[in-house]
Each structure stands twice: as structure tokens, then as C-alpha cells.
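Have a look at the model first.

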Amino acid sequence: MGLSDGDHATLAATELFVAHRNLLFTVAYELLGSAADADDVLQETWLRWVGVDAAHVDDPRAYLVRITTRQALNRLRSVKRRREAYVGSWLPEPLLTTPDVAADVELAESVSMGLMVVLETLTPTERAVFVLREAFGLGYDEIAAAVDKTPAAVHQIAHRARRHVEAGRPRRAATAREVQVAVEAFGRALETRDLQSLLDVLAPEVVAIGDGGGIKQAMPRPVIGADKVARFMVGGLAKHDVALTVEPTAINGSPALALHVDGELDGVLAVRVEDARITGLYFVRNPYKLTHIDAETPLTLR
């Protein structure tokens, strides 16, 4: 028994969706900072996409991005309220990424933990406009259709969002080699509990943010300054007397560290590096945010 016209249309729609899935996931993730929420948005996008008459769609990619953006914005507005009640600091869900993500400098920057933290300070619409314009190069008309604004309004929002993000970006972007060297030095110092070696790799103004989600112990508020950060890290390990193993990994397109305690994944450390020293530490311990790290293969984002 052959397939009906409706079945053929669903198969064709599904093939188009799958062809653009990595791109759509990246859009949703950059807007939400959560792989779990991004997966839900993709499911909602697919359900709406298969109900569309593809014969009337001139540009499937742009149409899919528009649906994904709208669904992500709806979810972002609701999770914003939930995050206000979050226990301790909230950090994006870390993604285990493939080497090709790191090789794409613009993509790696757009999903870096440092930038994702800055994006959290934008309004939902500002975040959507910034991501679609800066990370994906969409035109103002396309973005306007996705966020239900006029192109002129989108232009103003993009300018405002860009100015805000630039203020929070590193003064000088580190090379991939500088990040690698700093991460490896930090990992060695952490594993050996070498306080002086930690101080050597941390910038004086370093800021450390921990996310335990109220489930795992983490710094309740950001810790500022090399001495305080180094002593907090070493003191925490000494206090609990745990068997710590530090493994290099790639998180959000950059070198990072996976911390294992007694053989179990305990957390992920991502960093921000400027002038060969670490200026930002992002320590995710919330186990619900580590499921992708612990169970899945690295992600390709485009």
C-alpha cells in the first residue's frame, strides 16, 4: 500500500526540518541557555512546521528560524520568571561540543559561557534580535518577522543590545592556544591543590560563579579576586577530602574541565581568558544541567 499525499508531505517536511535541525537547536539554545528547553522548542517547531503547506513557503530555512524564534521567545518569557526564584546563581546549561565548533571562531564566541551569561542580562526581545543579527547574520526584515516588530524598531533594538553586550565582553579576545594553556594550568593546579599555581593563572580581578541549583553546594554568590577564588577552590576540596580527577573537555566551543569526584561527574568548569589569565570561572554543578555532558556525544551546532 503506497503512501498518501499527506504522508509524502509529512516526510518532505521532516527531511527539511532534519536538514536544518542543528541550526534551529543553536538558535533556541542561544536564546534560552538550556539544551532541555531548546529540545522542547524544536519539538514545538516541528509540530507547527508539519502543519504548514510547504508549497507556499519560499524559504524553508527562514520560515523554520522564524517559528523557532517565536517558540523560544514564548518560553524565554516564562522561564525568566522561574529563574528569578532560582537558588543561588543561574548559569547556562553547558554543552559538550565537537572540534568543528571550536574551529568556527564566530560560532564558538556566540555560544561561549561568558557571552551566554551576558545575554541573560538582555530582555527577551533584545536577546532574540542580537542573536539573530550577530550570530546568524539575518537581515532586519527577517528578524522583524520573527519578533513581530518593524525593521526600524529592530534596528534600534539591535544597536542597544550590541552596545550592552560589548560592555560585558573581554577587552581582548584570547587565542585558542592561550585558552588551552590557561585551562590546562588551572586543571593541574586544581588537581594538586596548589594554591600558588592557581594564583599564577588567575587574573587579579577574576570572578567565579557557581551554579548548584540548590541541589549541590556552590558559591551562593559570585566570588571576586584571585586570592578569594583560589582559596575557595582549594579550601572546598580540602574540607571534603575527596578524590578529584580533572579531565580536559570542550564546552560551548572552548577548552574546559570536567571534574570527577570518586569517579562520578561532579561539575563542569568553563573559563573566560584575557591576556593569558583567567578572568571568569563558570562552575556548573547542578546535576540536571549535566545530563547532556554525562550521557550524550558532542554536539554539532550548525
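This is a predicted model: local features need pLDDT of at least 70, side-chain atom pairs count only at pLDDT 80 or more; totals for chains, interfaces and linings use all residues.

The crossing of helix 2 and helix 8 is right-handed, the term for a near helix turned clockwise from the far one by less than a right angle. Helices here are DSSP runs of H or I with at least four residues, strands are E runs of at least two, and both are numbered from the N terminus.

Residues are numbered from 1 along each chain as its sequence is written, and side-chain values use heavy atoms, with hydrogens and water left out.

| Helix | Residues |
|---|---|
| helix 2 | residues 21-32 |
| helix 8 | residues 124-135 |

The two axes (lines fitted to C-alpha atoms over the stretch in contact, with angles from 0 to 180 degrees between N-to-C directions) come within 9 Å and cross at roughly 135°.

Zooming out, the protein has 14 helices and six strands. Its C-alpha trace spans about 65 × 50 × 35 Å along the principal axes. Buried residues (under 20% relative accessible area, 1.4 Å probe, protein chains only) make up 48% of the 302 residues. Of the contacts with a separation of 6 or more, 67% come from residues 24 or more positions apart.

Key
Buried means under 20% relative accessible area, exposed over 50%, partly exposed in between (1.4 Å probe, protein chains only). Contact means heavy atoms within 4.5 Å.
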